[in-house]
Amino acid sequence: MFFHIVLERNMQLHPRHFGRNLRENLVSKLMKDVEGTCSGRHGFVVAITGIENVGKGLIRDGTGFVTFPVKYQCVVFRPFKGEVLEAVVTMVNKMGFFAEAGPVQIFVSNHLIPDDMEFQSGDMPNYTTSDGSVKIQKDSEVRLKIIGTRVDATEIV
Amino acid sequence: MSLVTDSPVHSSSSDDFAALLDAELEVGSSGSSPDEEDVEADGDNNNDNNDDDDDDDDDLDSQRNKRCKTEKLEDLEESQGSTSQGLIEDKIVIHAELSLKKDICTHPGSFGQMCILCGQRLDDESGVTFGYIHKGLRLGNDEIVRLRSTDMKNLLRHKKLYLVLDLDHTLLNSTQLMHLTPDEEYLKGQSDSLQDVSRGSLFMLDFMHMMTKLRPFVRTFLKEASEMFEMYIYTMGDRPYALEMAKLLDPRREYFSDRVISRDDGTQKHQKGLDVVLGQESAVVILDDTENAWMKHKDNLILMERYHYFASSCHQFGYKCKSLSQLKSDESEPDGALASVLKALRQIHHMFFDELDCNLASRDVRQVLKTVREEVLKGCKIVFSHVFPTNFPAESHPLWKMAEQLGATCSTETDLSVTHVVSTDAGTEKSRWAVKEKKFLVHPRWIEATNYLWQKQPEENFPVSQGKNQ
């Protein structure tokens, strides 16, 4: 689920950005670098909400770059095992269905779909209950429980 | 009392009706009579849902699981306490034991290296990757077998078999833009719009530096075949190419949906296999122009005549003649290869579902294929002349085997029962004998054409010329 946490990052800035707009440049570079990325520990960074603190800049020897340690607040999204969340179905087939919850790709095997739901193939493959009251097909919303997650540097599964 | 003795439940207390009533009432008063039915049902549910129990870790917030577990405990107590409850009690105990045994997950498959059933991290590489369905999906062999048989039942109910289609030279012909010859340049102006793909047949794909021509009749073919078969694309091209071609052939994703297999999905290099196809081998028909790609599944294969539209394609296979695009012509739509194959497929489908006597699960489409093939040249007896190199074992020549597959009998010596002499030179002894005895004298291409078109070809179209070697 979502968390609002404080993270720290060392930002390197090229001297051309120095001057009156130094802080703004720093903040925009931070946003460009960090928003939309994924880390194993924190999950997916959705948005930066504010800058808490920008430390003193240190000039690197040999180049003109300056390193600023920046503490910033951001909203992160990390799914946990056992968590219940809602997702949108992207593909349905005989093995189960695939869904997405934002950046997270989810697979629900047909072993874990209630037994009274049967797979119907055809133009719009779907899982339907025997009385036809509930139908899971592409673009429908489902609520599901996570049984396992894996995060790597580029994606969450 | 026959009523009581017939009852399967009460064996010990069946003599006395009063005892029978007592037993029933005892069961009823302890509140487990309706529960017994429930528990039997839930016992079954337990077997199925036990994997869910594992998934929840220690989380018992699922209502169904809670109820099951408490009832299981109740019944275990009851079965120990009560006396003459007969077979029902035994059944409950057995069910409880069975469900306890199933705590271990069988890991039927993995998604992103996690088991799809219990979520555990799995690092082994057993089973087959199904990357064409979704990235990261991998299924174990048992699961594949299970899926194949359930899908089979489903398809047979809808009266459909599986059809695996090759792309290049079977359904279409592609060429790189840089390989276009000067007399093919006119095609660039004639290509169809990519906006409304369902009407066109010649497409220019600039972003892939390619031009593609769909084989005549292909759209009708796909439409009609989709009613009899669940279709797969299996190409030796890479995945982006395969997906682009699928978009051209099937813009509404109604024929193939996610069933597009490319060489990136195959398990063996340079070989195609049915292991990545989720269908029983006994119900798959393959349409491909290359026999060598299907070494293990030759019995399921229908060989297609190659479609050479572009000059580069003819060149690739070493043909010196002009290609269809250079001649500004095309394969005939109603009489072409796809139309004849469609007729053959219809025959196969009809024979499989309507004519075979044995039960559905044991029918084999390979048998049907063999039978239909053998009808084509039934009754013909063939002798070959000047076709095989000398000292070559005639029976192992591909033409001999092809003729036999088509139902003809082949022989090395002429006699009066021979109907056809196949020769490349009309001056040989056997050829002259054929003309004298009024037998058909045909070029070997007659056998090949018959093979591709699934129909005995008119012999007059394949004359043999005199003299020099062809």
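Mentor: Two strands pair if DSSP finds at least two bridges between them. Strands (E, at least two residues) and helices (H or I, at least four) are DSSP runs, numbered from the N terminus. The model is a predicted one, in which local features need pLDDT of at least 70 and side-chain atom pairs count only at pLDDT 80 or more, while totals for chains, interfaces and linings use all residues. Residues are numbered from 1 along each chain as its sequence is written, chains are lettered from A and ligands numbered from 1 in the order in which they are written, and side-chain values use heavy atoms, with hydrogens and water left out.

Trainee: What makes β2 and β3 of chain A a pair?
Mentor: Two bridges join β2(A), residues 38-39, to β3(A), residues 43-54. The definition asks for at least two, so these strands pair. They run antiparallel, and in β3(A) the bridge partner of A:Cys38 is A:Phe44. With three residues between them, β2(A) and β3(A) form a hairpin.

Trainee: How many bridges does β3(A) have with β5(A)?
Mentor: Eight, in the antiparallel sense, with β5(A) covering residues 66-77. A:Gly50 has A:Gln73 as its bridge partner there.

Trainee: Which strands form the open sheet of chain B, and in what order?
Mentor: The order is β10-β9-β5-β11-β12, with parallel pairing. The strands β10 (260-261) and β12 (301-303) of chain B are called edge strands, as each pairs on one side only.

Trainee: How many residues does each chain give to the contact?
Mentor: Chain B gives 35 residues and chain A gives 23, where contact means heavy atoms within 4.5 Å. On the side of chain B that touches chain A, α6(B) provides the largest share, five residues.
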